[in-house]
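Let's take a look at this protein together. Keep the picture open while you read.

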Amino acid sequence: MRILLAEDDEDLARFICKGLREEQYAVEAVGDGEAALELAETGGFDLLIFDLLLPKLDGLSLCRRLRTQGDHTPILLLTVKDTVEDKVRGLDAGADDYMTKPFAFAELLARVRVLLRRGTSVSGTRLKVDDLEVDPAARRVWRAGKEISLTNREYALLEYLLRNRNRALSRAAIINHVWGLAYDPMTNIVDVYIRALRAKIDKGYARSLITTVRGVGYMLKDDEK
């Protein structure tokens, strides 16, 4: 699952990102509202977490803009403002949930799980390419009707490739989204996991879905697109 975090407190942003990534979520973090809006408009996120008092564009305005554009991605607002009036304004602006700072990370995780389940339920979407099928809510994978067991990282990698089907993804982009790390050109971790994933979802099937894009990285190819 991909999460967009907009938080201008760098220490808090690092703390949230670290915790979410340890739970195998792919997190992209920005420090202002305009950057958050630009990224959110590209789509592909399963949950949006916005601080209320962001520079350039505040969290309430972000919610209103996205809802006006027809974006129904679940939104969780984080803020030090804790009055009933503040919460009502946030929910009326289009947020799905509202958390006041400081908060326990365990509670944040619980709210994230609830919102992700709700978002998946609303979309009713199983991700499919050819005879490969993924249920993001249950984190289950099938190929040609046969269930495939993946590790957490393998699943995160497959889902990222699947959500970006027919798009060449660089190793830097993959390692950032799946591991939440800056790219180290000396590491081969992406290639190792791609090999492991291919052995599970491509080996023994008529068509290989994961394609190497020379000079770029990897792509999950959907011939129907």
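Two strands count as paired if DSSP finds at least two bridges between them. Helices (H or I, at least four residues) and strands (E, at least two) are themselves DSSP runs, numbered from the N terminus. In general, strands of a sheet pair through backbone hydrogen bonds, either parallel or antiparallel.

One note before we go on: this is a predicted model, where local features need pLDDT of at least 70 and side-chain atom pairs count only at pLDDT 80 or more, while totals for chains, interfaces and linings use all residues. Residues are numbered from 1 along each chain as its sequence is written, and side-chain values use heavy atoms, with hydrogens and water left out.

Now to the sheet. It's open, has five strands in the order S2-S1-S3-S4-S5, and the pairing is parallel. S2 and S5 stand at the edges with a single partner strand each, so one side of each has no neighbour in the sheet. Inside it, S3 and S4 pair in the parallel sense over four bridges, and Ile49 sits opposite Leu76 in S4.

| Strand | Residues |
|---|---|
| S2 | 26–30 |
| S3 | 47–51 |
| S4 | 75–79 |
| S5 | 97–100 |

Next, Thr73, which you'll find in the loop between helix H3 (59–68) and strand S4. Is Thr73 buried or exposed? Thr73 is buried, with a relative accessible area of 15%; buried means under 20%, exposed over 50%, and partly exposed in between (1.4 Å probe, protein chains only). Leaving aside neighbours within four places in sequence, Thr73 is in contact (heavy atoms within 4.5 Å) with Phe45, Asp46, Leu47, Leu48, Arg67 and Asp96.
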